[in-house]
Amino acid sequence: MIPRYSRPEMARIWEPENKFRIWFEIEAHACDAQAELGVIPRSAAEAVWQKGKFEIARIDEIERETKHDVIAFLTNLAEYVGPDARFVHQGMTSSDVLDTTLAVQLAQASDLLLADLDALLAALKRRAVEHKDTPTIGRSHGIHAEPTTFGLKLAGHYAAFARNRERLVAARAEIATCAISGAVGTFANIDPFVEKYVADKMGLAVEPVSTQVIPRDRHAMFFATLGVIASSIENLAVEIRHLQRTEVREAEEYFSPGQKGSSAMPHKRNPVLSENLTGLARLVRAAVTPALENVALWHERDISHSSVERVMGPDATVALDFALARTTGMMEKLVVYPERMRRNLDDLGGLVFSQRVLLALTQAGMSREGAYVAVQRNAMKVWESGGSFLQNLQGDAEVTKHIDADALAALFNMAYHTKHVNTIFKRVFGG
């Protein structure tokens, strides 16, 4: 991922220094386990820890000749360890190192993403509580529907990200497995004890069945989860983009002093953060299909998955980390305009109360079909010519035959639509 959309802590997970450090720890812990089994001398295992080093430039130099990254690493490690290096990688295959390392990196990335989600959840909760009772219009198909509150809108997004957090916790557990089982996963040349030992040291679970590689359905589920989180980000971002439109202008991204919106039009204040988030969500989701396609490998293994994961592992996690942080900042500083929300609510002359009038007429004795026709007849006058929906109803003899003018006016009550907001908030945020 390009530096523009990278945060240092997540980027470091995918840098060569961290990758080769994990490789070294896997090999060194495996040596300790082999020494406990008496397969290699204890002194050899100690020598790996004491003398073991690696140099990234040297590894790259060796790989240019060997065309094999793990062999290049082991060769460079042997240059530091000396003769005892012959005991390193005993009974192991490259995927034991590569797949277990990827599991560690994805677990590390998950921990950062979980922290990102926690920060976003805190921001959403704070703003939702702040605007719990701020009335606004709910829209379906982009058209005014019925009143809601801005806090309730945000509570819905909070609930989605809370579900996403649970999904990521499960995906982290599923991806964090260790495989050190040898050439085709049979443990023919290495004892299962080594795998369990290394797994414990690296904070991983043992992979029950590895065929030389960790099954890629685990990775598919992990990246699918990242894709769902990205879609939730886009869902929130699209909401903000729509609310910032000039004709709506119920909320907008914070516009900092000195910020410029357009190179040509000095008046512009564009929703650049939420638009950027929509684009980043597309990038993260782009990893989902390749991850699914990686599940089908030839026999015990091939490396068709390898090139894909070397790109999508860093890119998807780095992009999502950046996107979550940007979403949090956007919501923390979001500027909300309750007065504009109220004006928009009143823009259609009370049409937002049409369902309540419809139901009241059915309760008063009209058939549903007849009540619908009567309410729609008076509503369409407002759509076409403006005016007051309530006054139209009060002037309709068929309507007032069932509900008098004062009772009709009582139906146009905002509190009716928000009376269960507290109940919903308790469901989302608890008592």
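## The start of the chain

Ile2 sits in the segment before helix 1 (8-13); helices here are DSSP runs of H or I with at least four residues, strands are E runs of at least two, and both are numbered from the N terminus. This is a predicted model, so local features need pLDDT of at least 70 and side-chain atom pairs count only at pLDDT 80 or more, while totals for chains, interfaces and linings use all residues. Residues are numbered from 1 along each chain as its sequence is written, and side-chain values use heavy atoms, with hydrogens and water left out.

How exposed is Ile2? It counts as partly exposed, because its relative accessibility is 46% (buried is under 20% relative accessible area, exposed is over 50%, and partly exposed is in between, with a 1.4 Å probe and protein chains only).

## Helix 10

Now for helix 10, which covers residues 272-285 and has 14 residues. From first C-alpha to last it reaches 20 Å, close to the 20 Å expected at 1.5 Å a residue (the expected span is 1.5 Å times one less than the number of residues).

Its buried residues are Ser274, Asn276, Leu277, Thr278, Leu280, Ala281 and Val284. What do the buried residues of helix 10 pack against? The partners are helix 9 (217-244), helix 11 (288-293) and helix 12 (304-332).

## Thr136, tucked away

Thr136 belongs to strand 1 (residues 135-140). Its relative accessibility is 0%, so Thr136 counts as buried.

Leaving aside neighbours within four places in sequence, Thr136 has contacts (heavy atoms within 4.5 Å) with residues including Phe150, Lys153, Met341 and Leu345. Glu250 is on that list too, and the side chains of Thr136 and Glu250 are joined by a polar contact of 3.2 Å. A polar contact is a pair of N or O atoms within 3.5 Å; within protein, one must be able to donate a hydrogen and the other to accept it, and residues adjacent in sequence count only if both atoms are side-chain atoms.

## Two loop residues with positive phi

Arg249 isn't a glycine, yet it has a positive phi of about 45°. You'll find Arg249 in the loop between helix 9 and strand 5 (251-252), and it is partly exposed because its relative accessible area is 38%.

His299 isn't a glycine either, and its positive phi is about 50°. Is His299 buried or exposed? His299 counts as exposed, because its relative accessibility is 75%.
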